[in-house]
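Thanks for passing this one along. Here are my notes as numbered points, to be read next to the model.

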Amino acid sequence: MQLTLGPILGNWPADRFADFYARIADEADIDRVVIGEVVCSKRLPFFADRIAPAAERLAAAGKQVVFASLGLVTLPRERRQARDATELGGPVEINDLTMLRYLAPGQPFTVGPLVNVYNEGTLGFLAARGALSVCLPPELPLASIATLARAAPSTGADIEVWGFGRVPLAISGRCYHARVHGLAKDSCQFVCAQDPDGLEVDTLDGEPFLAANGVQTLSFTCADALGAVDALAAAGVARLRLSPQSCDMVAVARIFRDRCAGRIDPADATTRLSALLPSMPLSNGFMLGPVGAAHVA
Amino acid sequence: MTPLELICPAGTPSSLRTAVNAGAHAVYCGFADETNARNFPGLNFSRAELAEGVAYARARGARVLVAINTFPQAGREALWHAAVADAEAAGAHAVILADLGLIAHAAERHPGLRLHLSVQAAAANADAINFYVETFGIRRVVLPRVLTVEEIAAINREIACETEAFVFGGLCVMAEGRCSLSSYATGKSPNMNGVCSPASHVVYRQDGADLVARLGDFTIHRVGKDEPAPYPTLCKGCFKAGPYAGHVFEDPVSLDAAQMIPQLAAAGVTALKIEGRQRSRAYVEAVVKGFRRAVDAHVAGRPIPVGALNALTEGQRTTAGAYRKTWR
């Protein structure tokens with residue numbers, strides 16, 4: 001099973017963005033890297049000029065580079081950014097079907113987890129349009145993942161599954177970071193940059209629940225597919241997606257590689273992963289039940 | 001002036017008749033299974049009930065639209081394919097679809113069937129909408145509730161199909177069809193199961209002087225015993241985030257865009273949609289009558305009547321939602 005590093009979902013400063021990918025290029029055992037802005041079009045100008053150099057360094061280190069695109073495209077600025085992503089000279093990951101209209105015929109693309117691919121019909125349609133691989137929506141249970149992974153070879157696309165990182169649960173026209181700081185979206189002062197992994201949202205009884213990331217809502221828990229690796233591999237899932245958190249992502253990738261190669265057992269792997277993220281409980285309930293927030297041993 | 005078409009909810013055959021009699025130009029409904037996004041116990045239509053509903057509406061000059069707007073489960077697409085075929089056979093004016101694969105199937109296998117794009121497809125700009133129009137011949141798109149009136153006007157200038165906009169009822173604060181908050185807490189989601197924050201996972205618990213409303217393992221509301229206990233819809237809950245405690249995502253308001261009917265008409269909208277297939281017949285009757293008066297007033301060049309429906313809205317508070325930019 002291969003490993004994909006998903007795009008950074010939080011609002012990270014440009015220097016941190018560049019440093020992060022330099023280290024990934026030099027040190028991380030990762031096959032594919034998706035790079036660019038998915039969540040908010042207002043963030044992109046701050047690091048747009050860092051994407052191409054990072055992509056070059058990643059490619060020189062033998063990683064396949066895919067350019068990310070926005071998850072919710074409404075404004076004229078967002079339509080321009082979405083179109084621009086198709087002109088960066090490499091495969092593009094679509095997170096909104098708007099992108100299908102911008103891709104040149106035959107231009108290779110991948111499908112991100114914010115596109116609703118729940119069944120064989122949708123998978124077949126996107127594969128026929130040229131999708132190389134499809135990262136399934138994180139809410140899919142293992143049975144659906146297995147059905148789609150078995151169907152994938154005949155379509156020409158392969159299947160990727162959300163393996164690690166806070167889970168994207170929703171996207172909105174409204175910015176929650178701005179809202180909880182008493183600001184409007186148009187004058188948000190980029191308060192989301194204060195929370196690189198999102199702002200913790202707790203219940204009134206103090207239960208950690210969700211994390212606000214600008215217009216996106218993430219899970220509070222961090223997905224952990226380590227316990228399902230064998231079942232996913234048996235079903236024919238081609239790759240796992242690791243979503244960057246502000247922890248040691250080189251070490252995260254090593255744990256997943258060791259587990260996929262059978263060098264460590266699932267319990268050991270999960271113990272090692274927990275140690276890297278002491279403040280973030282793990283979850284695998286979307287895949288293994290009964291609810292997304294659960295963690296099944 | 002072309003009258004705006006009023007699209008009204010029908011959770012049951014009797015609600016369908018009520019809506020038609022109250023002045024609906026069209027009603028929308030779904031089959032009693034997970035193929036539609038209001039898959040609630042006791043709601044929705046059998047095949048025979050749909051055929052009867054279509055006949056009833058037709059005899060009174062109204063149309064029936066069938067919502068098949070969840071995302072077919074892998075390995076079980078036949079259930080959704082059958083729903084499309086059965087809606088056509090029953091004489092539905094159109095089907096309202098969200099899933100790309102199901103739309104492709106319907107366009108190929110049912111070329112005579114009129115296709116509407118559900119709000120659950122979240123096509124939020126002219127390029128996405130034109131993709132569906134050019135690829136599948138979609139005739140109408142139900143617009144996501146994230147757009148301002150100005151954005152709707154700009155979209156209508158660029159697209160080659162009709163638009164339908166929500167004007168009343170429950171308000172999704174997230175982009176529709178792109179939210180798995182409910183399945184994170186309960187295992188059941190709008191996309192897969194046609195339910196959001198389902199009653200089967202709600203527990204009310206007395207805690208000292210407070211009433212606590214929980215969804216799955218999470219507290220969504222905590223209110224004093226003399227306050228009304230709201231239903232724990234996840235995105236309308238009270239939470240703590242940094243310095244803030246309250247409705248992090250959305251206040252317990254419902255959408256009422258009656259006063260924006262002239263602006264929506266000027267923006268080129270063809271049809272106005274009322275949410276609420278889970279609502280009672282009395283509610284449907286009052287809302288449909290109120291909006292029919294509003295639409296007729298607009299056509300006649302009279303002002304839109306103010307506040308007639310306030311008593312029917314959640315928590316007695318309403319919003320024009322994303323139609324005004326300040327909502328964001």
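1. Which residue in β2(B) is the bridge partner of Cys8(B)? Val27(B) is the residue that pairs with Cys8(B). Please keep in mind throughout that this is a predicted model. The bridge belongs to a parallel pairing of strand β1 (residues 5–9) of chain B with β2(B), made over 3 bridges.

2. Helix α1 (residues 13–22) of chain B forms a right-handed β-α-β unit with β1(B) and β2(B). Helix α2 (residues 47–59) of chain B, together with β2(B) and β3(B), also makes a right-handed β-α-β unit. β2(B) therefore takes part in both units, given how each crossover is defined.

3. Over in chain A, how are two of the helices arranged, parallel or antiparallel? Helix α1 (residues 14–27) and helix α2 (residues 48–60) of chain A pack at about 10 degrees, and their axes are 9 Å apart. Angles under 35 degrees count as roughly parallel, so α1(A) and α2(A) are roughly parallel to each other.

4. The contact between these two helices is worth a look as well. On the α1(A) side, the residues include Phe17(A), Tyr21(A) and Ile24(A), while α2(A) brings, among others, Ile51(A), Ala54(A) and Leu58(A). Asp15(A) and Asp26(A) of α1(A) are also in the contact, as are Arg50(A) and Arg57(A) of α2(A). By class, the contact has 10 nonpolar, no polar and 4 charged residues.

5. Back in chain B, 3 strands form an open antiparallel sheet in the order β9-β10-β11. Its edge strands, β9 (202–207) and β11 (218–224), each pair on one side only. From one strand to the next, the twist averages 25 degrees.

6. Within that sheet, strand β10 (residues 210–215) of chain B and β11(B) run antiparallel, joined by 6 bridges. Asp210(B) faces Gly224(B) of β11(B) across this pairing.

Definitions and conventions
Residues numbered from 1 in each chain as written. Chains lettered and ligands numbered in written order. Predicted model: local features only at pLDDT ≥ 70, side-chain atom pairs only at ≥ 80, totals over all residues. Heavy atoms only, no water. Pairing = 2+ DSSP bridges. Helix = DSSP H or I, 4+ residues; strand = E, 2+ residues; numbered from the N terminus. Axes fitted to C-alpha atoms, helices over the stretch in contact; angles between N-to-C directions. Parallel < 35°, antiparallel > 145°, perpendicular 65-115°, else oblique. Contact = heavy atoms within 4.5 Å. Nonpolar A, V, L, I, M, F, W, Y, C, P; charged D, E, K, R; others polar.
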